Amino acid sequence: MTCEIVCVGTELLLGNTLNTNTHYLAGNLSEIGVEVIYQTVVGDNPIRLTSVLETAFSRAEIVITTGGLGPTCDDLTKEIACKLLNFQMILDENSLKAIKAFYKKIDKEMTDSNIKQAYLPKGCSIFKNDVGTAPGFGITENNKTLIMLPGPPFEMKYMFENYAIQFLNKLTNYSLFSDYIKIFGIGESKVDVVLSDLMKLSNPTVAPYAKEGEVMLRVTAKALDKESADKLKEPILKEINTILGQYIYGINIDSMEEQVVNLLKKQNKKLSIAESCTGGLLSKKITSISGSSDVFECGICSYSNRIKNEILGIDKDILEKYGAVSEQVAKEMATQICKISKSDIGIGITGIAGPTGGTDIKPVGLVYVGIYTKAKGASVRKLYLSRGYAKERDYIRELSSLNAMDMIIKELI
């Protein structure tokens, strides 16, 4: 089924509020077999809102709106949509009771303007708002479906996941089931070339999505149930693994840091990190994962040579002879942090993130990532990460951290 998402709110047009609702809805709708063909943002203007809704219903089977369900005079989405579709609005007593209970719970007086939030189309499926005041709803007439959700992202997500998705599932005869393959160390264009034949498939489909330093492959099968979809996907997943296995760091996980923590936990190993140019970014990524305290021993941000010497114990002669940005120092950072913390794995990162500080011999973007384990000793990955842009400091730091995690994952799998 085809769908258009209409997000209502002048604050979205002005850029005062980031429109995360569209991103969330589009991703989740595709998972249940609803094809989003248009996304529209419109302000709180009755004439323009009417025009947008007319257009949306002329080209999509389902129209989902967010925003404009509040109690103020400019919250007009529901009223305009129902007028356009000739839906009679009636007062829903249960919704009104819920709104009154909400205000009582937060110890605030409900105003008369809130009553209009309880007026809903006759015969609609009502979506309770358990975390706010404005209820949403879904209704189908003449092969057209209107779904209205609140604008605040937390309320919208809660209502979609707990009510709207069940309503939508009844409309579709099939569902889409996806696996997400996470890839590092090869670019999107190269992935497109080596998987060109698979990209042409219609069911399952294989689609690449690039993000900074990574590529995600979505393998999606259309089927009546998960078991049938898994059978369709299985040979495709195996073929992708045969072709790109050395670059795949995980399937159906959110991030590299999640995979690092998962693998460390599974093997009951500890990690410690010594960072220079990344300024603690890698430690931040690892500790952002719930349960990382079970595997992360410590992180030291050793920017200066004095700290590298006095805290990490790196010999002054090594620092003076090779410089802080060198293979030798990266090895020592990884080795010493591992020994100091008595961890299983030590990581050392040193480099030049720029925009200043580079030379012809050691340019901006030169980074060394060291890894140390008791069994294998120390090794280093040398990186040239500059793309020649004026402001790429954050990019260099990010890619340095990703490379470090890739080295940890490869050590553990």
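Reply: Leaving aside residues up to four places away in sequence, Ser178 touches Glu31, Arg218, Val219, Thr220, Lys233 and Asn252, where a contact means heavy atoms within 4.5 Å. This is a predicted model, in which local features need pLDDT of at least 70 and side-chain atom pairs count only at pLDDT 80 or more, while totals for chains, interfaces and linings use all residues. Residues are numbered from 1 along each chain as its sequence is written, and side-chain values use heavy atoms, with hydrogens and water left out.

Ser178 counts as buried because its relative accessibility is 15%, and buried means under 20% relative accessible area (exposed is over 50%, partly exposed in between, with a 1.4 Å probe and protein chains only).

Ser178 sits in strand S9, residues 175-184. Strands here are DSSP runs of E with at least two residues, helices are runs of H or I with at least four, and both are numbered from the N terminus. By that count the chain has 15 helices and 17 strands.

Now for the strands S6 to S8. Strand S6 (residues 125-127) pairs with strand S7 (residues 136-141) in the antiparallel sense over three bridges; pairing requires that DSSP finds at least two bridges between two strands. S7 is also joined to strand S8 (residues 144-149), again antiparallel, by five bridges. Phe137 in S7 stands opposite Ile126 and also opposite Met148 in S8. S7 and S8 make a hairpin with two residues between them, and Asn142 in the turn has a positive phi of about 55 degrees.

Another strand residue to look at is Ile300, in S14 (residues 296-301). Its contacts, not counting residues up to four places away in sequence, are Ile273, Ala274, Glu275, Ile311, Leu312 and Ile337.

To finish with the whole chain, 47% of its 413 residues count as buried. Among contacts between residues at least 6 apart in sequence, 66% join residues at least 24 apart. The C-alpha atoms fill a box of roughly 85 × 55 × 40 Å, taken along the principal axes.
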